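Welcome, and please open the model in your viewer. We will go from stop to stop, selecting as we go.

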Amino acid sequence: LAMEALASHGGTGRLWAALVQLRQPDGDVAQLDALQRALYAVPKSGEVWCEGARFHLNPCVPLFDLESAALHLEFATRFTPQYGDSFIEALRLELLIGWIVPIAAPFLEEIERRIVEGYQRSQISWEEVSELICNYSLEA
């Protein structure tokens, strides 16, 4: 449906942002592909840049990166300052950086140490480890 709308209104950032959101259940690669196409089609859409920030704020994607999220949010608020979602995501980023990361860092380091030890003993792939962690966090 989003693709049909984009065929008629390809310069509409909100439609491209919707496509990026709709591709999330299709997996990281599909969503990243939609995001890259959207940024190419409407590079000054704050809505699309905000979706990029959301993508990078997701800890269950390989490209989870708080610095990339911050950069995307900078563009989002510059290009479309009236779009409130960007400010909500910026608040979420600040909470992650200021509160969650410092509190969780020692816990995460211990988990990482245990995972590495378990990986070295059991020959499980890093992809399987990542999938297990993300599936667990989604269930919690």
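A crossing of helices is called left-handed if the near helix is turned anticlockwise from the far one by less than a right angle, and right-handed if clockwise. Helices here are DSSP runs (H or I, at least four residues), numbered from the N terminus. This is a predicted model, where local features need pLDDT of at least 70 and side-chain atom pairs count only at pLDDT 80 or more, while totals for chains, interfaces and linings use all residues. Residues are numbered from 1 along each chain as its sequence is written, and side-chain values use heavy atoms, with hydrogens and water left out.

Start by selecting α3 (residues 28–41) and α4 (residues 46–56): their axes come within 10 Å and cross at roughly 155 degrees. Therefore α3 is roughly antiparallel to α4 (an angle over 145 degrees, taken between N-to-C directions of lines fitted to C-alpha atoms over the stretch in contact). The crossing of these two, α3 and α4, is left-handed.

From α3, pick Asp-28, Gln-31, Leu-32, Leu-35, Ala-38 and Leu-39; they meet Val-48, Trp-49, Glu-51, Gly-52 and Phe-55 of α4.

Now click His-56, also in α4. Is His-56 buried or exposed? His-56 counts as buried, at 9% relative accessibility (the cut-off is under 20%, using a 1.4 Å probe and protein chains only). Leaving aside residues up to four places away in sequence, His-56 touches Leu-63, Phe-64, Asp-65, Ser-68, Ala-69 and His-72.

Last, select Cys-50, which is buried with a relative accessible area of 0%.

Note on methods:
Axes fitted to C-alpha atoms, helices over the stretch in contact; angles between N-to-C directions. Parallel < 35°, antiparallel > 145°, perpendicular 65-115°, else oblique. Contact = heavy atoms within 4.5 Å. Buried < 20%, exposed > 50% of the residue type's maximum accessible area, 1.4 Å probe, protein only.
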